[in-house]
Amino acid sequence: MGVFVTGVRPRWSDMDAFGHVNHANTVTLLEEARIELLFTEAARHGVKELAEGMVVAKLVVEYLAPIVFTGESVVVEMSVRELKSASLTLDYVVRGSRDENSPVVVRAETLMAPYNVTTARPRRLTEAERDFLAGWRAGGNGA
């Protein structure tokens, strides 16, 4: 499968009064992982347009267990589920640690749309963007 894997380190301040990473900060962890794929990894492959404008059109987060601060990174696995001419859906699986047997603590999805910040309008994905994203599609080889 075309799965992009990255580590994201929760911060002590991400915890709430109940001792786990709260919703807003969990969404930020997802964002940090998404930036690694759509901006950093894409640029490494010569695809820089994604970093010029992407917006989240929909976000779904399913909590299976709390994320707790341990000082270690959580592991975020991402793949492209759906790729359309002007949007894509990213699926996320978050594991509580780098241990390969670590349980899944969060599943999430974001519907993303490329966005032209100059015109303040959505835009279509370029062919280069589509090719890059197709490599991370479930069943792809990760470009």
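Is tryptophan 12 buried or exposed? In this predicted model, tryptophan 12 is exposed, because its relative accessible area is 60% and anything over 50% counts as exposed. Keep that residue in mind, as it comes back further down.

**The core**

Let's start on the inside. The largest nonpolar core is made of 31 residues, and Leu50 and Leu133 are the ones with the most contacts inside it. Seen by element, two or more residues each come from β1 (4–8), α1 (23–44), β2 (54–63), β3 (74–83), β4 (88–95), β5 (104–116) and α2 (127–134). The biggest giver is α1, with six residues. In soluble globular proteins, nonpolar side chains tend to be buried together.

Now zoom in on leucine 133. Setting aside residues up to four places away in sequence, leucine 133 touches Leu38, Leu50, Val80, Leu83, Leu88 and Leu125.

**The helix α1**

Next up is α1 itself. This helix has 22 residues, and from first C-alpha to last it reaches 31 Å, close to the 32 Å expected at 1.5 Å a residue. There is a bend along the way, of about 30°, at glutamate 36.

Which residues of α1 are buried? They are Asn25, Thr26, Leu29, Leu30, Ala33, Arg34, Leu37, Leu38, Glu41 and Ala42.

Asparagine 22 caps the N-terminal end of α1, with a side-chain oxygen 3.2 Å from the backbone nitrogen of alanine 24. Just after α1, glycine 46 takes a positive phi of about 85°.

**Aromatic pairs**

The structure has three aromatic pairs. Here are two of them:

| Pair | Centre to centre | Angle between planes | Type |
|---|---|---|---|
| Phe4 and Trp136 | 5.4 Å | 90° | edge-to-face |
| Trp12 and Phe69 | 5.5 Å | 85° | edge-to-face |

Where do the partners of the Phe4 and Trp136 pair sit? Phenylalanine 4 lies in strand β1 and tryptophan 136 in the segment after α2, so the pair ties together parts 132 residues apart in sequence. Phenylalanine 4 is buried, at a relative accessible area of 9%, and tryptophan 136 is buried as well, at 7%. Ring pairs also link Phe4, Phe132 and Trp136 into a cluster.

Back to tryptophan 12, then. Tryptophan 12 lies in the loop between β1 and α1, while phenylalanine 69 is in the loop between β2 and β3, so this pair joins parts 57 residues apart in sequence. Tryptophan 12 is exposed, whereas phenylalanine 69 is partly exposed, with a relative accessible area of 28%.

Aspartate 14 lies in the loop between β1 and α1 and is buried, with a relative accessible area of 2%. Leaving out its neighbours within four places in sequence, aspartate 14 is in contact with His20, Val21, Asn22, Asn25 and Leu29. Asn22 is the cap of α1 described above, and Asn25 and Leu29 are among the buried residues of that helix.

Glutamate 127, on the other hand, is found in helix α2 and is exposed, with a relative accessible area of 64%.

Definitions and conventions: Residues numbered from 1 in each chain as written. Predicted model: local features only at pLDDT ≥ 70, side-chain atom pairs only at ≥ 80, totals over all residues. Heavy atoms only, no water. Core = buried A, V, L, I, M, F, W, Y, C linked by side-chain atoms within 4.5 Å. Buried < 20%, exposed > 50% of the residue type's maximum accessible area, 1.4 Å probe, protein only. Helix = DSSP H or I, 4+ residues; strand = E, 2+ residues; numbered from the N terminus. Contact = heavy atoms within 4.5 Å. Expected span 1.5 Å × (residues − 1). Bend = angle between axes of the 7 residues up to and from the residue. Polar contact = N/O pair within 3.5 Å; in protein donor to acceptor, adjacent residues only side chain to side chain. Phe/Tyr/Trp six-rings, centres within 6.5 Å; stacked < 30°, edge-to-face > 60°.
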